[in-house]
Amino acid sequence: MSKKIAVVPGSFDPITKGHLDIIQRSSELFDEIHVSVLNNSKKTGFFTIEERLALIEEAVQHLPNVKVDYFSGLLVNYCERVGAKQIVRGLRAVSDFEYEMQLTSMNKKLNDDIETLYMMTNNQYSFISSSMVKEVAKYGGDVSSIVPKNVEHALKEKYKYILSSDN
């Protein structure tokens, strides 16, 4: 019997407890999960790819069947490379669905063998986005309930550096 492998893709800039909720629940459904950071050369992230990978690896270290990786190019090509037949995407609200449906339709057109599964984010995390986390952290707001400890620390350090270099 072959392993059930799924990919949980995203920018994870930074990873939030909402992301972790989806990853944790996915890890219970599949033999192997690849949390894969999209390396979009047209976008400059707040955290580098290397920083994001390290933050994710630390946050998921308690999940033995989760691997952390990055990719550029087409998600379906990455799925083929790692042997994944499923993509898991989190949905926070109905507003996410239209965009996700477009992505899924294109991925299905590119590779009909790969299925996309949607998982509703736990209600306590449904309002969280990485951009909102960065905005709150930038102004010294408390993000401890919405990001893992290591991410909270990394945000504080990065903003301390940015704010001190602006002076």
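**Exercises on burial, salt bridges and a pocket**

Leu-74 is partly exposed, with a relative accessible area of 45%. The scale is as follows: buried is under 20% relative accessible area, exposed is over 50%, and partly exposed lies in between (1.4 Å probe, protein chains only). Leu-74 sits in the loop between strand 3 (66-71) and helix 3 (75-82). Helices (H or I, at least four residues) and strands (E, at least two) are DSSP runs, numbered from the N terminus.

The model is predicted: local features need pLDDT of at least 70, side-chain atom pairs count only at pLDDT 80 or more, and totals for chains, interfaces and linings use all residues. Residues are numbered from 1 along each chain as its sequence is written, and side-chain values use heavy atoms, with hydrogens and water left out.

**Exercise 1. What separates Arg-25 and Asp-21 along helix 1?**

Step 1. Confirm the contact. The two side chains, Arg-25 and Asp-21, form a salt bridge, 2.7 Å from N to O.

Step 2. Count along the helix. Arg-25 and Asp-21 are four residues apart in helix 1, so about one helical turn separates them.

Step 3. Read the accessibilities. Arg-25 is partly exposed at 28%. Asp-21 is buried at 11%.

**Exercise 2. Is Glu-152 buried or exposed, and what about its partner Lys-149?**

Step 1. Start with the bridge. The side chains of Glu-152 and Lys-149 meet at 3.4 Å, N to O.

Step 2. Locate the pair. Both belong to helix 6 (residues 149-166), three residues apart, so they are separated by about one helical turn.

Step 3. Assign the classes. Glu-152 is buried, at 9% relative accessibility. Lys-149 is exposed, at 65%.

Step 4. Extend to a distance in space. Lys-149 and Pro-14 lie 135 residues apart in sequence. Their C-alpha atoms are 12 Å apart.

**Exercise 3. Which residues link to Asp-13 in a network of salt bridges?**

Step 1. Follow the bridges. Asp-13, Arg-52 and Lys-134 are linked in the network.

**Exercise 4. Describe the lining of the largest pocket.**

Step 1. On a 1 Å grid over the protein atoms alone, a pocket is an open set of points where a 1.4 Å probe fits, with protein on both sides within 12 Å along at least five of seven lines; lining residues have an atom within 4 Å of a point.

Step 2. Count the lining: 45 residues. Nearest the centre lie Pro-9, Gly-10, Ser-11, Phe-12 and Arg-89.

Step 3. Assign the elements. Strand 1 (5-10), helix 1 (17-27), helix 2 (49-59), strand 4 (86-91), helix 4 (94-110) and helix 5 (130-138) each supply at least two lining residues.

Step 4. Pick the main contributor. Helix 4 gives the largest share, six residues.

Terms used
Salt bridge = Lys/Arg side-chain N within 4 Å of Asp/Glu carboxyl O.
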